[in-house]
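I opened my notebook to look through this protein one part at a time. Here is what I looked up.

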Amino acid sequence: MEAEDDNCVNIVLIPNSELVIIVPLDEPKGGSTVKVMPNTGYGKPRVEVYGAPLIVDVTYTLLPGKTINIYSWSKSHLRIEGSPQLRKNIYRGPPHSIVRPVVEYHCYLHARRKEAEKENKIGPVALICGSHICNKAAVAKTLCSYAARLQWKPLLVDMDPGVSQLFSLPGAISAGIVEYPITIDEVVELSLASISYFVGVTEPQRLDNNGEMSMYAPYVHYTGVLSQLMRDRLSKQIDNIYGWSGAIIILPELQDNSGVNFVSDIIYQCGVTHVLCVDDDFMFNKIYTRWGMDEKLGVVVDSVSHNFTATTPYPQDLMLPKRYAEYFHGTGSTILSPSQWSKPLHSIEVLEIREKDDQATLVQLERDALPGLVGRIGALFQTQGSEVTILQKSPFVFVRVQSVNAEGITFLTTTHYTFSSEKLTLIVGEARWITS
């Protein structure tokens, strides 16, 4: 590694090597970049980030708070610009990277997709579970990007409502179709069409009265809704590439027997054919015993652990405000123009999603409780003329409650919205964006 000036370093990677860049949370917006330089005398460089190739002489923006794993299949020269702290956060990965086993797993899924195309059936449905440290979203993006490079169009289902949520904001789960490789600086929630459901929390498990971990009922409810939506879509597309491409499902880190039982439920509900446990021996052993040992069940259970680069993520209390700020204001080269809108109290119904008797339920909030909503993340619904119950619906916009007074409720939205004059329904959960 050789410093060229105050803001830049040049790095040469040998074939089959990995470089890790941890971008500081306070890195100036658009202030750090990476570029693959043309090779002189040793062939064309082949460099990738999560399955998406880095094009030679193209500058890519490094997004603040992200951990970037750059893998080079050939000898290559990288030019990285950024703050002094960013340049201190660059290091070479170990010889055994997760990239190779993930590529091998992609090849296996590719063969299953070819079989599905030949037999005109739903392609492989792969479930990725495991520790939050291992960056399951990166594994999923890698598998989807490799699939897209071979013209497949997999459905990516993100059931992690935490800070790594791909298509939506923390407190939601989502799904979208990946038709092209996801680049290093792409803001997925703005570039790919998707559908989201608001679960209201970022942690799907909590301690019960017995001191044991239990699943949060609203999260279980909405993952069931999303699972059914996924199955219906794949079934309707069984005779084309969307059905043959199958799906990739991401689950959050889950603990104890309640987590194991939930994973088993998702395997059953989604028709999962393959499970990849990443850096979670407990979950792997439990799921393999339940599903992998009996070939008649048709579920292949594999694991990857302990032999790849894993970096400790930034604490959630630091990442949550940043993720909400990015969602409403934009990130990287994308700048949004959020707007504030007011809705009179008589034209909006305010409900809070809660757990009661292990079921998801909606409770109407009285007026004297409304001031406590300031800072809460919520979802707005149009309910008139709909035959679908609100617990089965996807919101038309996510908001932050800015203020509550006698005149009404003021919301922050990502862009300019014109709210209809009809009565709207606001659903809030526990998720909150603290700005000061």
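Which domains does the domain assignment give for the protein chain? I found domain 1 (8-92), domain 2 (98-304) and domain 3 (337-432). I kept in mind that this is a predicted model. Next I looked up the centres of domain 1 and domain 3, taken over C-alpha atoms: 42 Å separate them.

**Entry: the sheet**

I traced an open sheet of seven strands. Its order reads β14-β13-β12-β17-β11-β18-β19, and the pairing is mixed. On average, neighbouring strands here are turned by 15 degrees against each other, direction ignored.

I then checked one pair. β13 (residues 172-177) and β14 run antiparallel, joined by five bridges. I picked out Ile173, whose bridge partner in β14 is Tyr197.

**Entry: helices on the sheet**

I saw helix α2 (residues 99-119) lying across β11, β17, β18 and β19. It runs at about 170 degrees to β18. Helix α7 (residues 256-270) also packs on the sheet, and I noted that it touches β11, β17 and β18. The direction of α7 makes about 170 degrees with that of β11.

**Entry: helix α9**

I counted 14 residues in α9 (residues 316-329). From first C-alpha to last, α9 reaches 19 Å, close to the 20 Å expected. Which elements cover its buried residues? I found that they include α4, β23, β24, β25 and β26. Among the buried residues of α9 I listed Met319, Leu320, Tyr324 and Phe328. After α9 comes Gly330, with a positive phi near 95 degrees.

Key. Residues numbered from 1 in each chain as written. Predicted model: local features only at pLDDT ≥ 70, side-chain atom pairs only at ≥ 80, totals over all residues. Heavy atoms only, no water. Domains from an automatic or database assignment. Helix = DSSP H or I, 4+ residues; strand = E, 2+ residues; numbered from the N terminus. Expected span 1.5 Å × (residues − 1). Buried < 20%, exposed > 50% of the residue type's maximum accessible area, 1.4 Å probe, protein only. Contact = heavy atoms within 4.5 Å. Pairing = 2+ DSSP bridges. Axes fitted to C-alpha atoms, helices over the stretch in contact; angles between N-to-C directions.
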